[in-house]
Amino acid sequence: MRTAVKTIVAVAIALPAAGWAQPVARATTDTRAVEAVLSQYKNAIEKLDAAGTEQLFTTDARVFETGSAEGSYATYLAHHLGPELKQFKSFRFSNYRVDVRFEGPVALATETYRYRIEPKTGEATERLGVATS
């Protein structure tokens with residue numbers, strides 16, 4: 001009888017734990033996938049070459065920077081980011097941190113970092129940054 005009770009208790013504990021393990025593994029995989037997309041974008045900015053970054057954004061994504069609504073990513077790239085990158089000698093991120101969490105199937109990410117921009121002419125500038133996706 002005691003063996004049967006121990007077995008039932010062990011199964012009662014193990015089954016929920018096995019059920020929890022699957023979402024955690026999925027969340028880890030999904031988190032890594034989100035981090036990989038964010039890393040692709042960050043790397044493109046540091047290379048001063050945004051070619052192909054359109055594929056990282058949905059067509060209905062909206063960009064907000066420094067208190068301004070920039071519109072779609074395509075508009076932002078054509079009228080802001082693209083011309084801006086052409087003016088830079090270098091762009092470097094440091095102290096980069098990313099936090100990803102999920103609300104159902106939707107990933108929410110917050111990136112915090114320092115960045116240093118060196119223009120082709122003029123003085124370099126260093127700032128703190130934060131982005132949400």
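User: What is the separation of the closest N and O atoms in the salt bridge between Glu 118 and Lys 89?

Analyst: This is a predicted model, in which local features need pLDDT of at least 70 and side-chain atom pairs count only at pLDDT 80 or more, while totals for chains, interfaces and linings use all residues. Residues are numbered from 1 along each chain as its sequence is written, and side-chain values use heavy atoms, with hydrogens and water left out. A salt bridge requires a side-chain nitrogen of Lys or Arg within 4 Å of a carboxyl oxygen of Asp or Glu. For Glu 118 and Lys 89, the closest N and O atoms are separated by 3.7 Å.

User: How many residues apart are Glu 118 and Lys 89, and in which strands do they lie?

Analyst: Strands (E, at least two residues) and helices (H or I, at least four) are DSSP runs, numbered from the N terminus. Glu 118 belongs to strand 4 (residues 106–119) and Lys 89 to strand 3 (residues 88–103).

User: Is Lys 89 buried or exposed?

Analyst: Relative accessible area under 20% means buried, over 50% exposed, and in between partly exposed (1.4 Å probe, protein chains only). Lys 89 has a relative accessibility of 56%, so the residue counts as exposed.

User: Which residues are linked with Glu 118 in a network of salt bridges?

Analyst: Glu 118 also forms a salt bridge with Arg 116, where the closest N and O atoms are 3.6 Å apart. Arg 116 is partly exposed at 34% relative accessibility. The residues linked with Glu 118 in the network are Lys 89, Arg 116 and Glu 126.

User: How many salt bridges does the structure hold?

Analyst: One of the salt bridges joins the side chains of Arg 101 and Glu 103, at 2.3 Å from N to O. Arg 101 is partly exposed at 43% relative accessibility, and Glu 103 is partly exposed at 45%. For the structure, the count of salt bridges is four.

User: How many aromatic pairs are there?

Analyst: Rings of Phe, Tyr and Trp (its six-membered ring) pair if their centres lie within 6.5 Å; planes under 30 degrees apart are stacked, those over 60 edge-to-face, and the rest tilted. By this rule, the number of aromatic pairs is 10.

User: Why is the pair of Tyr 41 and Tyr 73 edge-to-face?

Analyst: The ring centres of Tyr 41 and Tyr 73 are 6.2 Å apart. Their planes stand at 70°, so the pair is edge-to-face. Tyr 41 lies in helix 1 (residues 2–46) and Tyr 73 in helix 2 (residues 73–86), so the pair ties together parts 32 residues apart in sequence. Tyr 41 is partly exposed at 22%, whereas Tyr 73 is buried at 4%; the class of their pair is edge-to-face.

User: What is the angle between the planes of Phe 57 and Tyr 73?

Analyst: Phe 57 and Tyr 73 form a stacked aromatic pair, 3.8 Å centre to centre. Phe 57 lies in the loop between helix 1 and strand 1 (62–65) and Tyr 73 in helix 2, so the pair ties together parts 16 residues apart in sequence. Phe 57 is partly exposed, with a relative accessible area of 28%. The angle between the planes is 5°.
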